[in-house]
Amino acid sequence: MAAETGLSGRAAVEGGETAAATAAYAEGILAGLIGAATIALWFLALDGVKGRPFFTPTVLGTALFRGGAGLQSPEALPIDFEMVLSFTWVHVLAFLIIVLGASRLLGIAERNPSFSFGIVLLFVVFEFGFLLASMLFAEPVLHALTWPEVLVGNLLAAAAMAALFWRRHPRLAIRP
């Protein structure tokens, strides 16, 4: 009888861990889609104000898939919906991968608050590392897009995802 109790207790713990992991992945997928949509809408609004909807994903897709060919004079670059769709898929996948990891880390931090401050530092390093890498390696892109637009877009996406995480993790505490 004691062996049965131990087995069922272990199965319940394993089932709880599996359910928690599944919930973290679902939450990560939702947050990733929210983040990707936020930054896409930000650039769609900026491009619309400038009179060139879908210009930003065309530039980014051209840089990624065509090695930047045509970015010497980005103002003459025609809107290419193949580039827009291709870049959008990559953009969404990148958000999903990054945010799935963040969701798992938040689950750990919720159980152990001493990890929370490390997650905040990781976010800051990641955000500014992305901006620095963009400035160093994507210079042609930053001639077409200004770094403040990129930074604001990333911060808006981060805020949207943080709002979702904050709502779903009310017990999360940040302790150094």
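A: Helix H3 covers residues 81-111, which makes 31 residues. From its first C-alpha to its last, H3 reaches 45 Å, close to the 45 Å expected at 1.5 Å a residue. The expected span is 1.5 Å times one less than the number of residues. Helices here are DSSP runs of H or I with at least four residues, strands are runs of E with at least two, and both are numbered from the N terminus.

This is a predicted model, where local features need pLDDT of at least 70, side-chain atom pairs count only at pLDDT 80 or more, and totals for chains, interfaces and linings use all residues. Residues are numbered from 1 along each chain as its sequence is written, and side-chain values use heavy atoms, with hydrogens and water left out.

Start at the N-terminal end of H3. Asp 80 caps it. A side-chain oxygen of Asp 80 lies 3.0 Å from the backbone nitrogen of Glu 82.

Next comes Phe 81, in helix H3. Phe 81 forms an aromatic pair with Phe 54. The structure holds one such pair. Ring centres must lie within 6.5 Å to pair; planes under 30 degrees apart count as stacked, over 60 as edge-to-face, and the rest as tilted. Phe 54 lies in the loop between helix H1 (2-49) and helix H2 (55-65), so the pair ties together parts that are 27 residues apart in sequence.

Buried means under 20% relative accessible area, exposed over 50%, and partly exposed in between, with a 1.4 Å probe and protein chains only. Phi of Phe 54 is near 70°, a positive value in a residue other than glycine. Most residues other than glycine have a negative phi.

Now the wider setting. The protein has six helices and zero strands. From the N terminus on, the elements run α-α-α-α-α-α. Of its 176 residues, 33% count as buried. Among contacts with a separation of 6 or more, 69% join residues 24 or more positions apart. A contact means heavy atoms within 4.5 Å.

One more helix is worth a stop. Trp 147 is in helix H6 (residues 147-168). At 41% relative accessibility, Trp 147 counts as partly exposed. Its C-alpha is separated by 7.6 Å from that of Leu 131, 16 residues apart along the chain.

Note on methods
Polar contact = N/O pair within 3.5 Å; in protein donor to acceptor, adjacent residues only side chain to side chain. Phe/Tyr/Trp six-rings, centres within 6.5 Å; stacked < 30°, edge-to-face > 60°.
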